[in-house]
Amino acid sequence: MSTFKELGLCAELLQAIEEQGYEHPMPVQEAVIPFLLNKEESADLVALAQTGTGKTAAYGLPILELMNISVEKDKALPKAVILSPTRELCIQISDDMEGFGKFLPNLTILPVYGGANIEPQIRALKAGVDIIVATPGRLVDLMKRGAADLSQIQYVVLDEADEMLSMGFQEELDAILEGVPEGHRTLLFSATMSQEIERIAQNYLKEKREIQVGSRNEGAEHVNHIYYMVHAKDKYLALKRVVDFYPRIYAIIFCRTRMETQEVADNLIRDGYNADALHGDLSQQQRDLTMQKFRKHRTQLLVATDVAARGLDVDDLTHVINYGMPDDVENYTHRSGRTGRAGKKGTSICIVNLREKSRIRQVEKVIQKQFEKGTLPEPREICSKQLYHVIDDIERVEVDEEEIAPFMDEVQKRWAWLDKDDLIKRVLSREFGRFLQYYANAPEIEAPSGSEKSGGKGSRRKDDHTPEEGYTRLFLNVGKIDKMYAREIMGLINTNVKGDKVEIGRIDLMKSFAFVEVKNEDADRVIKSMKHGVTIKGRSVVVDRSEPAPKGQGARGKRKASPGPSERGEKRSKEQGGRSKRKDAPSSTKKFEKADWMQFLHPEEGWARRRPKKK
Ligand code: AMP
């Protein structure tokens, strides 16, 4: 293992690194720093590295080492521009760079991002900066206003390039990369290598070196991937089971939409969990506060959208929970890469319904790792786990004899009528009664009855894109070419359809059109509301029912008036050996009877059993 000194960094940077507490370079730093510092080398860089691998220092340290920091600030034009997808990441990179450059005199770093007043940013640019850390949209804005002069740029960094593209910053990246004169080096960092990334590299990078940390497109090495298959209606119950089974869980729960994120967080809080929501509908101040609380472990469960959680950097998550699979496979890589960091083990859990099964398979191909199919913990196991957690916590309490001494007499007197058994029962009931009560009456979670083999008897979904039971598949004449991705399509429907929120299921995105599944009862409302006057870039949006393609035709389904939902439901259940609830379907859980849990309150079975026998 090498040292930072051996990589060739100057004394000022080494001192700052020491203050950061970094002992040895991480693999991406070992690979990238010498490459960038090598004076013989002028090639651009494509580095495939997951989030949390230490890439900021990998590009940040050599840039600081090599760039000419302006002494006369009023004449300083930026020498390096670092682009990041979100405001949070932008601030974090800027903070990291400030930390690394702490002992370099005259260094000025400026974060610029959307959603904040542009005037102070313009003034700061005029005052002279060495490094701009920017979100693409805001930088383009500043370039158009003549405030950001990129004529002296020596380094362009694209951090989380895949994320910038998936957030729709394609045009902005083109504008920026075209606006930087020749003679600079471009450093592209991405967690995954998609065609779009290849295109950017092809168009804007000169001779380039590709560096991979870990194997290409591989999920984090130390992460286990587990999925639990449940009916869509049971997702929340399953989430509670999972969370309850890990009393010391510290996790991010990823949801697909802002609305779902808020709902799940609200439900968890209502049910007594230490949870919080993080999504784009919250003000920046609220988001900052939420992130701060989570970083300090004052919140145990953070329910978040992919975008809002981008700027959050925490190293010690025990779990990442995917409340449904993300629409974009790449997002899964980002999500799961947030656990299993810094050499620790992590677990990425997916709570999915049958129609998301194919996504699991897609992700397995990309990360080249297999998911384990999990069985939800039984109420009994959960209660045991929680019980031992309470016992452990009580055993670990440090008793400050002096502090409590003045109260002991009074307490002894008040509790004189309670014997040890009574006391234990009361402590346990108080500390984990919530679980006992809940699981004594907890709703059952039935395992979906469909066979797992695709197309096999009982399979819920075949390749003909039959919608999930209870859902209608709609055709939409907009697609990726219109920059309409899952998030945009959900937004389009929910802003144009009046009344209750439309529950949206699977979305299949094509180049110029898309299929969207909505609840049967919402289908007519969606079609009617969007019939007139909804346009995207001047083009009228058309929504219609789609029917499954005939057997053997495979793929996509076509746009046509289709039989009503009930008719289609009947047809399917005959064809597929009945998709409705099967009597013999294995239940993932057995009801947890009161008699079962009463024993937990008995000391012989609980506390006493675990105590080492005195010799
Ligand atoms: P990044 O991928 O740049 O966001 O870094 C992920 C985390 O690793 C951050 O918390 C960094 O502070 C930390 N880190 C970066 N380099 C090192 C290192 N050489 N040793 C220990 N921690 C590091």
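How many bridges join strand β8 to strand β13? The model is predicted: local features need pLDDT of at least 70, side-chain atom pairs count only at pLDDT 80 or more, and totals for chains, interfaces and linings use all residues. Residues are numbered from 1 along each chain as its sequence is written, and side-chain values use heavy atoms, with hydrogens and water left out.

View 1. Polar contacts are pairs of N or O atoms within 3.5 Å. A polar side-chain atom of tyrosine 22 is 2.6 Å from an oxygen atom of the ligand, and one of threonine 56 is 2.6 Å from a ligand oxygen atom. From lysine 55, a backbone N or O atom lies 3.3 Å from an oxygen atom of the ligand. On its own the ligand has 490 Å² of accessible area, of which the protein covers 80% (Shrake-Rupley method, 1.4 Å probe).

**View 2. The sheet of β1 to β7.** Seven strands form an open parallel sheet in the order β3-β4-β2-β5-β6-β1-β7 (strands are DSSP runs of E, at least two residues, and helices of H or I, at least four, numbered from the N terminus; two strands pair if DSSP finds at least two bridges between them). The edge strands, β3 (109-112) and β7 (208-212), each pair on one side only. From one strand to the next, the twist averages 15 degrees (axes are lines fitted to C-alpha atoms, for helices over the stretch in contact, and angles run from 0 to 180 degrees between N-to-C directions). Four bridges join β3 to β4 (residues 131-134); isoleucine 109 has isoleucine 131 as its bridge partner in β4.

**View 3. The sheet of β8 to β14.** A parallel open sheet of seven strands has the order β10-β11-β9-β12-β13-β8-β14. Edge strands β10 (275-278) and β14 (372-373) each have a single partner strand, so one side of each is left without a neighbour in the sheet. Seven bridges join β8 (residues 223-229) to β13 (residues 346-352), which run parallel. Asparagine 224 stands opposite threonine 347 in β13.

Conventions. Polar contact = N/O pair within 3.5 Å; in protein donor to acceptor, adjacent residues only side chain to side chain.
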